[in-house]
Amino acid sequence: MYGCTSFLQGDELGLQNAWTAVTYGFVVRDVLVFAYGLAFGSFLTVVGDRIPQGLSLIHPPSHCSACGRRLHAWELIPVFSWLALRGRCHTCKSRIPLRYPILELATGVLWVVTLHQVPIWPARLAWFAFWLVLLAATATDLSTMRIPNLLSLPGAVGVYGLFVLTHTRTWTHSLWGAGVGFGLLFLIHLLSKGRMGLGDAKLYLAIGAALGPWMSLESFVLASFFGTLIGLPLRWSGRIGAGQAIPFVPFITLGVVTTFLWGQPLWQLYLQWTVYRAV
Ligand SMILES: [Zn+2]
């Protein structure tokens with residue numbers, strides 16, 4: 001009897017250990033993906049500052065844009081360094097933009113969310129790359145109000161290739177998405193007489209390739225909604241002058257992320273409110 005009990009206990013213990021190991025493994029995996037996301041996000045801030053100016057991404061090494069001093073290793077840790085320095089250069093005390101830690105955090109969080117949202121690795125990698133393109137465009141739009149072709153066009157080709165090669169989307173679905181996304185924003189560009197930039201339309205080539213045609217439309221509707229929700233109070237309060245343009249890519253990113261997370265249920269809800277009620 002004793003032997004039997006000990007055997008059972010041993011087995012239970014084994015199961016418990018296996019369960020702990022699995023949970024532990026998942027936590028480690030999440031932390032690693034988050035850390036890599038932060039590091040890539042940190043690289044995006046460099047992309048956002050240098051690509052629009054046509055500068056090299058590697059040379060010169062990271063330095064303060066105000067006093068030119070080369071940064072120490074401890075000043076290059078994503079998010080943490082910004083917090084430790086309280087958002088100012090250690091030497092000249094000039095401000096380090098808030099968009100740096102936000103972009104770093106956004107990349108880390110989006111990568112971990114993708115890990116849980118997308119079940120298989122090849123597809124996750126395709127989404128990881130897509131978030132990088134989208135957040136890099138957010139970075140350049142925030143720093144210079146532009147999305148360079150050097151980013152949007154190779155970005156679109158890369159995202160298209162990755163989504164098709166990893167079987168995340170079929171090549172036709174992705175192509176339709178890119179066409180519909182670009183077409184819609186190009187039309188708005190023409191109708192708005194250039195107030196909606198051509199850069200946004202080119203960025204929608206990559207977004208369409210990732211989301212497909214329907215969800216690209218949905219993401220743009222949501223982007224416009226967020227733009228109005230946040231832009232109007234800023235305009236009313238006088239923080240943005242009349243006719244002053246504001247970067248739109250951050251709102252596009254919000255729209256795309258919302259579509260990625262809740263695209264299907266929101267679409268169902270919309271149909272329930274409109275079409276089904278009308279029938
Ligand atoms: Zn400085």
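Helix axes are lines fitted to C-alpha atoms over the stretch in contact, and the angles between their N-to-C directions run from 0 to 180 degrees. The exercises below concern a predicted model.

**Exercise 1.** Determine how the secondary structure of the protein chain is made up, and how much of the chain is buried.

*Solution.* Counting the elements gives eight helices and zero strands, and reading from the N terminus on, the order is α-α-α-α-α-α-α-α. The C-alpha trace spans about 85 × 65 × 40 Å along its principal axes. Turning to burial, 32% of the 279 residues count as buried.

**Exercise 2.** Work out how helix H5 and helix H6 are oriented to each other, and which residues make their contact.

*Solution.* Begin with the axes: those of H5 (residues 149–165) and H6 (residues 171–191) come within 9 Å and cross at roughly 150 degrees. Angles over 145 degrees count as roughly antiparallel, and H5 and H6 are therefore roughly antiparallel to each other. The handedness of this crossing is right-handed. On the H5 side the contact is made by Ala156, Tyr160, Phe163 and Val164, and on the H6 side by Trp171, Ser174 and Ala178. Sorted by class, the contact has six nonpolar residues, one polar residue and no charged residues.

**Exercise 3.** Compare the span of helix H3 with the expected one, and list the buried residues of H3.

*Solution.* H3 covers residues 99–117, which is 19 residues, and reaches 26 Å from its first C-alpha to its last, close to the 27 Å expected at 1.5 Å a residue. Its buried residues are Tyr100, Pro101, Leu103, Glu104, Ala106, Thr107, Gly108, Leu110, Trp111, Thr114 and Leu115.

Terms used. Residues are numbered from 1 along each chain as its sequence is written. This is a predicted model: local features need pLDDT of at least 70, side-chain atom pairs count only at pLDDT 80 or more; totals for chains, interfaces and linings use all residues. Helices (H or I, at least four residues) and strands (E, at least two) are DSSP runs, numbered from the N terminus. The expected span of a helix is 1.5 Å times one less than its number of residues. A residue is buried if 20 or more other C-beta atoms lie within 10 Å of its own, exposed if 12 or fewer, and partly exposed in between; C-beta atoms are placed from the backbone. Angles under 35 degrees count as roughly parallel, over 145 as roughly antiparallel, 65 to 115 as roughly perpendicular and the rest as oblique. A crossing is left-handed if the near helix is turned anticlockwise from the far one by less than a right angle, and right-handed if clockwise. Two residues are in contact if their C-beta atoms, placed from the backbone, lie within 7 Å. Ala, Val, Leu, Ile, Met, Phe, Trp, Tyr, Cys and Pro count as nonpolar, Asp, Glu, Lys and Arg as charged, and the others, Gly among them, as polar.
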